[in-house]
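User: I have a structure open and want to go through parts of it with you. Can we start once it is on screen?
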Amino acid sequence: MDDQLTREFLAESEELVEGLYADLELLRARREDGRGRRELVGRLFRRAHTLKGTASAAGLDPAAEVAHEFESLLDAVRLGHAGLSDAVLDAFEEAASAVSSCLGAASRGEHVEAPRAPLERLRALAAPQAGAEAKRAPSAAGVALPEELARSLTEFERQRLREAVEEGARVFVVVADFNLTDFDEQFRRLSDALGERGEVVSTLPGVEAGAPDRVRFRVLHATDDEAARLSERVAAFGAAVQECAREPAGEAAHVGEGAAAPAEPAAPMSHPALTVRVSLEELDGLLAAAHELFAETAAALGESERARRVRARSAELEARLTALRMVPVRATLERAARAGRSAARAVG
């Protein structure tokens, strides 16, 4: 990766790290909320995966190494191989700080090694514990799923379904088909509607032979809602709802256990805002050039009405350019708050 792309990554990585910290704080607060916990662990996993890949591509190996071990422990938690203990949460925060330190050193042109202590702690917590596999015997989810949908589940989705069912959720298959021209937007809206009262465990898209201009989605959905209420919520999408029957005790299949599955879960569809990054030097140069141009234009026009309009518009545009140069103070204050919380936890 060239120097320009590395600089851009380092600038963007600050937002990724701040996102890690924000989600970790939420995770501490919502660790007992099954659905909220699963969503946050999944989001943290994707953030760590993104940091690992982009840091590696930028040649920032220390940050990539920490992000890799961070991702591995998050994966162990989301698959049910490790619990979300205080030690694990502390290791997550220590990993985020280590990634931040490695990236900060790189942005200053300093050489740094990946810190050994956090790496060893992450590896130890992610390693299978004695007796853990026996406790985590491949249990059935307790619901009968359509065969094709069951076969398509990843290990993460199977674990997510097990946990939801153990927490008392009902499981439905929601079927909807959308026009090929806007299916992404329609599916996003359906997912948002389902997320209001439950969680989307898995999605299986497809195109029917008789309707090549439409995309059909079969969504595995876990919720506390009754079938009638769920049907009302998705009626606007023309979706059909079918509840998955509970399996009698001792008879349940293993919900696709052993089937080949992709290593990574699909990230939810989103439409992030587009941003453009420029250096402060370039922005300051633009401000200076604009000011000079406005001054010369106003001088050439004298004291006419047009000159007054140009000066007013120029002042407005200069104010907008100056605002672009400013950055939110929130990130700085949040770092101070995090340091306070960490110190408070350390001394009890």
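User: Arginine 160: which helix is that in?
Analyst: Arginine 160 lies in helix α8. Keep in mind that this is a predicted model.

User: Is arginine 160 buried or exposed?
Analyst: Arginine 160 counts as buried because its relative accessible area is 13%, and the cut-off for buried is under 20%.

User: What is arginine 160 in contact with, neighbours within four places in sequence aside?
Analyst: Arg38, Glu39, Glu199, Val200 and Val201.

User: And α8 as a whole, which strands does it lie across?
Analyst: Helix α8, residues 155-166, lies across β1, β2 and β3. Its direction is at about 140° to β2.

User: What about α9? Which strands does that one lie across?
Analyst: α9 lies across β1, β2 and β3, and runs at about 160° to β1.

User: What is the strand order in the sheet?
Analyst: The order is β2-β3-β1-β4, in an open sheet of four strands with antiparallel pairing. At the edges are β2 (198-206) and β4, each pairing on one side only. On average, neighbouring strands are turned by 20° against each other, direction ignored.

User: How many bridges between β1 and β3?
Analyst: There are 10 bridges, in the antiparallel sense. As one example, phenylalanine 172 has histidine 221 of β3 as its bridge partner.

User: Switching to α10. Which residues are buried there?
Analyst: In α10, residues 227-234, the buried ones are Leu230, Arg233 and Val234. They sit on the same side of α10 because they cover an arc of only 85° around the axis.

User: What is exposed on the other side of α10?
Analyst: Ala228 and Glu232 are exposed there.

User: Last topic, α4 and α5. At what angle do they pack?
Analyst: Helix α4 (residues 86-107) and helix α5 (residues 116-126) pack at about 145°, and their axes are 10 Å apart. The crossing of α4 past α5 is left-handed.

User: Which residues make that contact?
Analyst: From α4, Ala87, Val88, Ala91, Glu94 and Ala95 take part; from α5, Pro118, Arg121, Leu122 and Leu125.

Conventions
Residues are numbered from 1 along each chain as its sequence is written. This is a predicted model: local features need pLDDT of at least 70, side-chain atom pairs count only at pLDDT 80 or more; totals for chains, interfaces and linings use all residues. Side-chain values use heavy atoms; hydrogens and water are left out. Buried means under 20% relative accessible area, exposed over 50%, partly exposed in between (1.4 Å probe, protein chains only). Helices (H or I, at least four residues) and strands (E, at least two) are DSSP runs, numbered from the N terminus. The arc is that of the directions from the helix axis to the C-beta atoms. Axes are lines fitted to C-alpha atoms, for helices over the stretch in contact, and angles run from 0 to 180 degrees between N-to-C directions. A crossing is left-handed if the near helix is turned anticlockwise from the far one by less than a right angle, and right-handed if clockwise. Contact means heavy atoms within 4.5 Å. Two strands pair if DSSP finds at least two bridges between them.
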